[in-house]
Amino acid sequence: MKISKNKLNLALARKQWNQRDLRDNAVVSSQTTLNINKGKEVMPATAGRIAAALGVDVTEIIEQEE
């Protein structure tokens, strides 16, 4: 599952958070946030934790498959 960098950045802006805030609140590693920024896939549970920390549905931050 890929998280869209653009959608993630919009959600971060809404919360007025930076990457560190995301990492701390979603309880994910620095490596995970780096992987997201590199466009790598994450586990569904990780995407769920990130979405929950941001207060959004996971479908709002993932890349849509075509």
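Where does Val27 lie?

## Loop residues with positive phi

In this predicted model, Val27 lies in the loop between H2 and H3. Although Val27 is not a glycine, its phi is positive, at about 55°. Val27 counts as exposed because its relative accessibility is 63%, above the cut-off of 50%.

A positive phi also occurs at Gln16, a residue other than glycine, where the angle is near 60°. Gln16 is placed in the loop between H1 and H2. With a relative accessible area of 72%, Gln16 is exposed. As background, most residues other than glycine have a negative phi.

## The largest nonpolar core

The largest nonpolar core comprises 17 residues, of which Ile3, Leu8, Leu22, Ile50, Leu54 and Ile61 touch the most other members. At least two residues of this core come from each of helix H1 (5-15), helix H2 (19-26) and helix H4 (44-54). H4 provides the largest share, five residues. In soluble globular proteins, nonpolar side chains tend to be buried together.

Ile3 illustrates the contacts of one core member. Leaving aside residues up to four places away in sequence, Ile3 touches Leu8, Ile36, Val42, Ala47, Ile50, Ile61, Ile62 and Glu63.

## Thr32 in helix H3

Helix H3 spans residues 30-37 and contains Thr32. Thr32 is buried because its relative accessible area is 17%, under the cut-off of 20%. When residues up to four places away in sequence are not counted, Thr32 touches Val42 and Thr46. Val42 is also among the residues that Ile3 touches.

Key
Residues numbered from 1 in each chain as written. Predicted model: local features only at pLDDT ≥ 70, side-chain atom pairs only at ≥ 80, totals over all residues. Heavy atoms only, no water. Core = buried A, V, L, I, M, F, W, Y, C linked by side-chain atoms within 4.5 Å. Buried < 20%, exposed > 50% of the residue type's maximum accessible area, 1.4 Å probe, protein only. Helix = DSSP H or I, 4+ residues; strand = E, 2+ residues; numbered from the N terminus. Contact = heavy atoms within 4.5 Å.
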